[in-house]
Number of protein chains: 2
Amino acid sequence: MSFREQIERIVNEVPGCVSCTLMGFDGIAVDTVDRSETVDGVNISDATIEYANLVRQMRTAAEGLASGAIEEVCVRSEKLSTVLRPINEEYLVAASFSSDGLLGKGRYLLRVIAPRLGEEL
Amino acid sequence: MSFREQIERIVNEVPGCVSCTLMGFDGIAVDTVDRSETVDGVNISDATIEYANLVRQMRTAAEGLASGAIEEVCVRSEKLSTVLRPINEEYLVAASFSSDGLLGKGRYLLRVIAPRLGEEL
């Protein structure tokens with residue numbers, strides 16, 4: 001399965017998942033599958049770029065703390081929830097959910113596809 | 001129940017929860033209940049302070065994105081997982097877990113106690 005098909009799977013199979021993107025830690029998307037560009041008025045791409053930058057900072061913090069690699073960061077806000085999962089040093093996968101989205105299922109599937117995306121990259 | 005008793009509840013009732021702290025966004029703890037100062041060699045207090053600072057930045061980002069208030073941030077790393085929940089403009093509550101900790105139960109109880117802590121502050 002190509003990485004396009006992997007990220008499509010998240011959006012298609014998880015209720016409330018509005019977008020899934022494979023992105024560099026520099027904020028530049030490699031590929032994105034989305035149902036909408038916004039959720040409840042929030043620009044999903046802008047949010048993902050902001051959060052990816054903060055995950056990058058968390059990785060630096062985690063190195064200083066010797067707490068091991070960051071495996072997953074989940075940010076829930078009133079209108080949008082985002083799950084981000086580093087794939088390797090350069091890339092992460094991020095899925096965005098409306099406030100009623102099934103985050104648990106999304107987190108599970110991201111955990112499944114992240115290593116497969118790593119193989120494709 | 002005092003806030004001390006509320007945060008004690010998290011550490012006592014959630015398997016793998018090693019620390020729970022009520023903290024200002026400036027990184028200064030109001031009160032902390034912990035089973036240990038470290039987990040798998042990671043200093044829990046240092047990690048919480050680092051993550052609280054990043055949650056503060058996420059709040060600023062969320063304001064710019066108009067995505068509503070940040071309700072919860074969950075950071076999973078190899079050796080330590082941390083759930084942080086803003087209580088109000090100034091304070092947050094953070095619980096730290098060993099890698100085999102029951103994060104789901106921890107997140108649930110934090111959601112329950114956060115508004116009660118807000119009433120005490």
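This is a predicted model: local features need pLDDT of at least 70, side-chain atom pairs count only at pLDDT 80 or more; totals for chains, interfaces and linings use all residues.
Chain B can be superposed on chain A with an RMSD of 0.0 Å by a turn of 180° and a shift of 0.0 Å along the axis. The two copies are thus related as by a two-fold rotation axis. The points below treat the interface between the chains, the strand pairing across it, and selected features within chain A.

**Extent of the interface**

- The contact between the copies involves 27 residues of chain B and 27 residues of chain A.
- Of the interface residues of chain B, 100% are interface residues in chain A as well, so the two copies meet through the same surface.
- About 2,500 Å² of area is buried between chain B and chain A, and carbon and sulfur atoms account for 59% of this area.
- Three residues, B:Met58, B:Leu65 and B:Arg76, provide 23% of the area that chain B buries against chain A, which is more than any other three residues supply.

**Composition and contacts of the interface**

- Between chain B and chain A there are 14 residue pairs in polar contact, counting pairs in which both residues have pLDDT 80 or more.
- On the side of chain B that touches chain A, the elements giving two or more residues are helix H2 (44-65) and strand E5 (70-77) of chain B.
- H2(B) makes the largest contribution to this side, namely ten residues.

**Strand pairing between the chains**

- Strand E5 (residues 70-77) of chain A is joined to E5(B) by seven bridges, and the two strands run antiparallel.
- Within this pairing, the residue opposite A:Ser77 is B:Ile70 in E5(B).

**Salt bridges**

- Over all chains, the whole structure contains ten salt bridges.
- One of the pairs is A:Glu72 with A:Arg85, whose closest N and O atoms are 3.5 Å apart.
- A:Glu72 belongs to strand E5 of chain A and A:Arg85 to strand E6 (residues 80-86) of chain A, so this pair ties together parts that lie 13 residues apart in sequence.

- Strand E1 (residues 17-24) and strand E2 (residues 29-34) of chain A pair in the antiparallel sense through five bridges.
- A:Met23 has A:Ala29, in E2(A), as its bridge partner.
- E1(A) and E2(A) form a hairpin in which four residues lie between the strands.
- In the turn of this hairpin, A:Gly27 has a positive phi of about 90°.

Methods
Residues are numbered from 1 along each chain as its sequence is written. Chains are lettered from A and ligands numbered from 1 in the order in which they are written. Side-chain values use heavy atoms; hydrogens and water are left out. Copies are superposed by least squares on the C-alpha atoms of residues with pLDDT of at least 70 in both. Contact means heavy atoms within 4.5 Å. Buried area is the accessible area (1.4 Å probe) that two parts lose on being put together, summed over both. A polar contact is a pair of N or O atoms within 3.5 Å; within protein, one must be able to donate a hydrogen and the other to accept it, and residues adjacent in sequence count only if both atoms are side-chain atoms. Two strands pair if DSSP finds at least two bridges between them. A salt bridge is a side-chain nitrogen of Lys or Arg within 4 Å of a carboxyl oxygen of Asp or Glu.
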